[in-house]
Each structure stands twice: as structure tokens, then as C-alpha cells.
Amino acid sequence: MTYSGEVQVGGPADVHELPDLMISKVAVGPMNNNAYLLRCRATGVQLLIDAAADPGTLIGLIGEDGVAAVVTTHSHGDHWGALAEVVKATGARTYAGRYDAEDIPVPTDVEVEDGDTIGFGEITLTARHIVGHTPGSIALVYDDPHGHPHLFTGDCLFPGGVGNTNEDPVAFASLLNDVETKLFGRLPDETWVYPGHGNDTTLGAERPHLPEWRERGW
């Protein structure tokens, strides 16, 4: 089946099959969060991005093979609501941005800086520190050697705009600047974007609207 990235709370995961990586997207919880289970096809080793809510759903998605790591994209509670339960059930190592880690009540095993890499199996993700939605938000880049990059943005970038900055012009400017320089400035239009809520997009679909976002201030 063709991957669409359209998922609903209580519904099945949608699976994006790449040559070396399988990405399973599922929607969970009252805030309709996306969680992403990444599986290295060569080794079977798995990594979860955002144990947001509904631990039973996430543990079921992980299955008997377990999960080596859970990465939390930022410190807002709707992105770590199931983290304690998932870690208890799986023994996974926890990762989060250095400047958000202290605000996540589950201990962070590895605090991540801009440019750090996270490896599992034969897969490598590169972290980008994006300031504005929170002080320590991270986006994760998988540079597919067989195709275009894949980008997991948490709440930093969505179809139609950047994340919420609560009408703080300084935070908005920081967020948009980081998104422009560290994501749009370094990655091609074909880059597939997996956000923390809602449907997927591509950098190419969003790039023409960057001046409009800056003008409107959100």
C-alpha cells in the first residue's frame, strides 16, 4: 500500500517503507500526537520518536522485538506522556535535547546537541537544535543513501507554518530563523517532513511560503 501519512487516533499505523528503514506513524492521545517507530531493516533494531501518549498502543506497535531508544523531540507534556511506561516496559535508552532535558520528568540518558548523531542498527539520525517552540527542541534528519532525506520536526515545523510561540516575537523570530537556516537551508525540496501533529509535507511544498510566515508573525 502507498504511504499517505494520514493517521487517526485509535486507527492503524501507516508504514513508509524505505530501502534501509521502515517508518511506522501512529496517532495517539487527546492531543492527536504523532509517534514514529523507526526500524532498521538490516538488523531489526528499533527507535521510537516521541512516546507521546497511549502507552499500550505504542508498546503494541513496538512488539516483541523491543526498542533500543526513545527520542523526545521537546519538553511539552503531550510529547512524553507515555515515556515512563514505554521505558519501563522496554528498557530503552532515552534521548532529548540538552536544553529541554531538565523539563522532562523521565531521566534523559543522552542529552543531544546540534549536529549530534543517534545510531540504531545501521541507521544514523542527525539532530538539529531548533530554538523557539521550546529552548531545546530537536529535529531529526535521516539522510537516505538511496533517495531524499526524511525529517522529523516535532512541533518546530508543520504544513502551513512553524510551531506555536505564544505570540512571543522573539521566540517566533528564533524559531523561523533556525527552521530557515538549519532545515530549509541545508536540505533539498524533496525532503519528506514528519511533524509532531497532523499530516506530512515536504520542504518543497512549504519553502515558497517562508516570506509569508515571517510577514504574518506566526
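This is a predicted model: local features need pLDDT of at least 70, side-chain atom pairs count only at pLDDT 80 or more; totals for chains, interfaces and linings use all residues.
The backbone arrangement is considered before the side chains. Strands of a sheet pair through backbone hydrogen bonds, in either a parallel or an antiparallel manner. In the present model, seven strands form an open sheet, and their order is S1-S2-S3-S4-S5-S6-S7, with mixed pairing. Strand S1 (14-17) and strand S7 (110-112) are the edge strands, each of which pairs on one side only. On average, neighbouring strands of this sheet are turned by 20 degrees against each other when direction is ignored. Within the sheet, strand S5 (residues 69-72) and strand S6 (residues 93-97) run parallel and are joined by four bridges. Threonine 72 has alanine 96, in S6, as its bridge partner.

Two helices lie across strands named above. Helix H1 (residues 55-62) lies across strand S2 (21-28), S3 and strand S4 (46-49), and runs at about 165 degrees to S2. Helix H2 (residues 83-90) lies across S4, S5 and S6, and its direction is at about 165 degrees to S5.

The aromatic side chains were then examined. A search of the whole structure finds six aromatic pairs. One of them is formed by tyrosine 36 and phenylalanine 152, whose ring centres are 5.4 Å apart; with 70 degrees between the planes, this pair is edge-to-face. The pair links distant parts of the chain, since tyrosine 36 belongs to strand S3 (residues 33-40) and phenylalanine 152 to strand S11 (residues 149-154), 116 residues apart. Tyrosine 36 has a relative accessible area of 2% and is therefore buried, the cut-off for this class being under 20%. Phenylalanine 152 also counts as buried, because its relative accessibility is 1%.

Tryptophan 192 and tyrosine 194 provide a further pair, with ring centres 6.4 Å apart; the planes stand at 40 degrees, so the pair is tilted. The two residues fall into separate classes of accessibility: tryptophan 192 is partly exposed, with a relative accessible area of 23%, whereas tyrosine 194, at 0% relative accessibility, counts as buried. Both pairs belong to a cluster in which ring pairs link Tyr3, Tyr36, Phe152, Trp192 and Tyr194.

An aromatic ring is also involved in a contact with a charged group. The charged end of arginine 216 sits over the ring of tryptophan 218, at 3.7 Å from the ring centre.

Definitions and conventions
Residues are numbered from 1 along each chain as its sequence is written. Side-chain values use heavy atoms; hydrogens and water are left out. Rings of Phe, Tyr and Trp (its six-membered ring) pair if their centres lie within 6.5 Å; planes under 30 degrees apart count as stacked, over 60 as edge-to-face and the rest as tilted. Buried means under 20% relative accessible area, exposed over 50%, partly exposed in between (1.4 Å probe, protein chains only). A charge sits over a ring if NZ of Lys or CZ of Arg is within 6 Å of the ring centre and within 35 degrees of the ring normal. Two strands pair if DSSP finds at least two bridges between them. Axes are lines fitted to C-alpha atoms, for helices over the stretch in contact, and angles run from 0 to 180 degrees between N-to-C directions. Contact means heavy atoms within 4.5 Å.
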